[in-house]
Amino acid sequence: MDKRKISGRIRRAVEKRARRCCEYCWSQLDFATEFFSAEHVVPRSKGGANRLSNLALSCQLCNGYKHDKVTGTDPVSGKQAPLFNPRKQNWHEHFGWSEDFLTIYGLTATGRATVETLQLNHKQRVNLRRVLCASSEHPPEHFFTR
């Protein structure tokens with residue numbers, strides 16, 4: 001297991017690639033009250049490395065709920081499904097937004113398991129999205145460019 005810290009250079013690259021948004025819930029770093037993490041998609045406890053190819057920008061809620069998980073329960077089938085991998089999967093293929101852009105819904109077993117496991121519609125997130133929508137700051141402009 002790689003116990004070295006993530007370098008500032010790699011951290012900046014993770015932020016830039018993610019356009020300063022959580023790669024799971026689309027929370028924006030510019031409106032966060034806590035730092036975002038360079039999160040290990042494959043956790044270090046499961047052999048994941050500190051490589052750019054294994055890191056995703058994650059808000060503290062997503063990072064905390066994900067912890068070292070790589071699967072979650074799909075609420076439709078009740079079966080385990082892999083969690084969304086932002087390095088290998090396209091967000092738009094696994095998730096959608098409600099018409100008002102306040103809640104995220106899963107389109108696939110992976111999407112649904114990720115919504116549930118990472119609590120992507122946690123009350124705090126929805127409240128922040130509501131405020132940001134009212135000020136035309138959510139969803140982020142680049143959300144619509146794939």
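Reader: What relative accessibility is computed for Arg-20, which counts as partly exposed?

Author: In this predicted model, local features require pLDDT of at least 70 and side-chain atom pairs pLDDT 80 or more, while totals for chains, interfaces and linings use all residues. Residues are numbered from 1 along each chain as its sequence is written, and side-chain values use heavy atoms, without hydrogens and water. Buried means under 20% relative accessible area, exposed over 50%, and partly exposed in between (1.4 Å probe, protein chains only). Arg-20 falls in the partly exposed class because its relative accessibility is 35%.

Reader: With which residue does Arg-20 form a salt bridge at 3.1 Å?

Author: A salt bridge is a side-chain nitrogen of Lys or Arg within 4 Å of a carboxyl oxygen of Asp or Glu. By this rule the count is 6. For Arg-20, the closest N and O atoms are 3.1 Å apart, and the partner is Glu-15.

Reader: In which helix do Arg-11 and Glu-15 both lie?

Author: Helices (H or I, at least four residues) and strands (E, at least two) are DSSP runs numbered from the N terminus. Arg-11 also forms a salt bridge with Glu-15, at 3.1 Å between the closest N and O atoms. Glu-15 is buried at 15% relative accessible area, whereas Arg-11 is partly exposed at 21%. The two residues are 4 apart, about one turn, within residues 8–17, helix α1.

Reader: Which residues are linked with Arg-11 in a network of salt bridges?

Author: Side chains of opposite charge can pair when their charged atoms come close. The network that includes Arg-11 links Glu-15, Arg-20 and Asp-30.

Reader: How many residues apart are Arg-87 and Glu-23?

Author: The side chains of Arg-87 and Glu-23 meet in a salt bridge of 2.8 Å, N to O. This pair links distant parts of the chain, with Arg-87 in the loop between β4 (80–82) and α3 (91–94) and Glu-23 in the loop between α1 and β1 (37–40). Arg-87 is partly exposed at 25%, whereas Glu-23 is buried at 12% relative accessible area. Their separation is 64 residues.

Reader: Which residue of β2 is the bridge partner of Ser-37?

Author: Both faces of β1 are covered, with Ser-37 and Glu-39 buried on one side and Ala-38 and His-40 buried on the other. Two strands pair if DSSP finds at least two bridges between them. Strand β1 is joined to the antiparallel strand β2 (residues 55–58) by 4 bridges. In β2, the partner of Ser-37 is Ser-58.
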